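Q: Hi, could you walk me through this structure before I set anything up? I'd like to go through it piece by piece.

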Amino acid sequence: MITASKKQQTLVLRLSEFDFQIKRTSLTLKGAEQNASVEALRSESLEQSEKLLEANSNLERLQDDLKKVLADIEMADTRIQQDQGKAKAVSSERELKAVESELVSLQNRKSMLEDTELSLLEQLEAAEKLVSDISQVRAALSIRLEQELAKSAGESKSLTAAISELSQKRDAIVAELEPALFATYQHKAQRGVPVGQTLGRDCSACRLAINGVEFDAMMALPEDSLPTCPNCDAFIIR
Ligand SMILES: [Zn+2]
């Protein structure tokens, strides 16, 4: 049976409470550093970048197609003008028919090209809107990512400060503890919950009931005796 003054026993209990808080805060810090929403925003942002690349190349392709169609329309116009000139200067009915039939096929071609131009203009409008929509989504994502990173950094900073404060308080308790008692505490802490209290007949460290005879014997011990739980070996602070 370990002998420890009531004050030393209280210190051991407080030490275990600080160790528990330090452990819990360290876990929260780990969570803040591996911020899941930052990861989600990063991958969403990457996805939008790929979409934007695709939308931009589609837009460029449509712009190229439109240029070609406009050049073809201009070429058709030039030939129509030339043929209209020719039609005035023909010397025979046969020649006139040939020029007129060429003019009809040129007009048909021009009209087909103009239909293509209209359809391309519609597609261009949609493609431009898509590029602008994706750009807006990306910009919003980038703002949210910055905010999340700042929040995460702020959380990490305050949690680190909290851990440092808790550790200082813990060190102050360790300085007051008798070295042998601290060594036994550390040994118990490596194996499980090092300190418990009685909750009715239960041990708060392992949550198991202490049998009646052992419990009564434990309660009858002098104040400076520090008993341990028969189930989990934690110190029992009465
Ligand atoms: Zn126990």
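This is a predicted model: local features need pLDDT of at least 70, side-chain atom pairs count only at pLDDT 80 or more; totals for chains, interfaces and linings use all residues.

Q: Good to know. Let's begin with the metal: which protein atoms are the donors of the zinc ion?

A: The zinc ion is held by four SG atoms, those of C203, C206, C229 and C232, lying 2.3 Å from it.

Q: And what arrangement do those four donor atoms make?

A: A tetrahedral one, because the angles they subtend run from 104 to 114°. For reference, the ideal angle for four tetrahedral donors is 109.5 degrees.

Q: How are the donor residues spaced in sequence?

A: The pattern is C-x2-C-x22-C-x2-C. The pair C203 and C229 links distant parts of the chain, 26 residues apart. C203 sits in strand 3 (residues 202-203), while C229 is in the loop between strand 4 (225-226) and strand 5.

Q: Is C203 buried or exposed? And what about C229, buried or exposed?

A: C203 has a relative accessibility of 0%, so it counts as buried. C229 is at 2%, and therefore counts as buried too.

Q: Changing topic: how many residues are in the largest nonpolar core?

A: That core has 22 residues, and those with the most contacts inside it are V12, L15, L177, L181, Y185, V195 and F235. Two or more residues come from each of helix 1 (6-33), helix 3 (93-176), helix 4 (179-191) and strand 5 (235-237). Helix 1 gives the largest share, eight residues.

Q: Which domains does this core draw on?

A: At least three of its residues come from each of domain 1 (2-28 + 176-237) and domain 2 (33-172).

Q: You listed Y185 there. What does Y185 touch?

A: Not counting residues up to four places away in sequence, Y185 touches V12, L15, S16, D19, P194, V195 and F235.

Q: What about the other core, how many residues has it?

A: It lies apart from the largest one and has 13 residues, including L66, V69, L120 and A127.

Q: Back to helix 1 for a moment. Is Q8 buried or exposed?

A: Q8, which lies in helix 1, has a relative accessible area of 7%, so it is buried. Leaving aside neighbours within four places in sequence, Q8 is in contact with E176, L177, E178 and L181.

Q: I'd also like to check some backbone angles. What is phi of R207?

A: Phi of R207 is near 65°, a positive value in a residue other than glycine. R207 lies in the loop between strand 3 and helix 5 (212-220), and at 59% relative accessibility R207 counts as exposed.

Q: And D233, what is its phi?

A: D233 has a positive phi of about 70°, although it is not a glycine. D233 is in the loop between strand 4 and strand 5. Its relative accessible area is 31%, so D233 is partly exposed.

Q: Last one: where does S142 lie, and what separates it from R42?

A: S142 lies in helix 3. The C-alpha atoms of S142 and R42 are separated by 8.6 Å, with the two residues 100 apart along the chain. S142 counts as partly exposed, because its relative accessibility is 34%.

Note on methods: Residues are numbered from 1 along each chain as its sequence is written. Side-chain values use heavy atoms; hydrogens and water are left out. A nonpolar core is a set of buried Ala, Val, Leu, Ile, Met, Phe, Trp, Tyr and Cys residues joined through side-chain atoms within 4.5 Å. Buried means under 20% relative accessible area, exposed over 50%, partly exposed in between (1.4 Å probe, protein chains only). Helices (H or I, at least four residues) and strands (E, at least two) are DSSP runs, numbered from the N terminus. Domain bounds come from an automatic or database domain assignment. Contact means heavy atoms within 4.5 Å. Donors are N, O and S atoms within 2.8 Å of the metal (3.2 Å for Na, K and Ca); water is not among the atoms, so sites may look incomplete. Four donors count as tetrahedral if all angles lie between 85 and 135 degrees; four count as square planar and six as octahedral if opposite donors are over 155 degrees apart and all others between 65 and 115; anything else is irregular.
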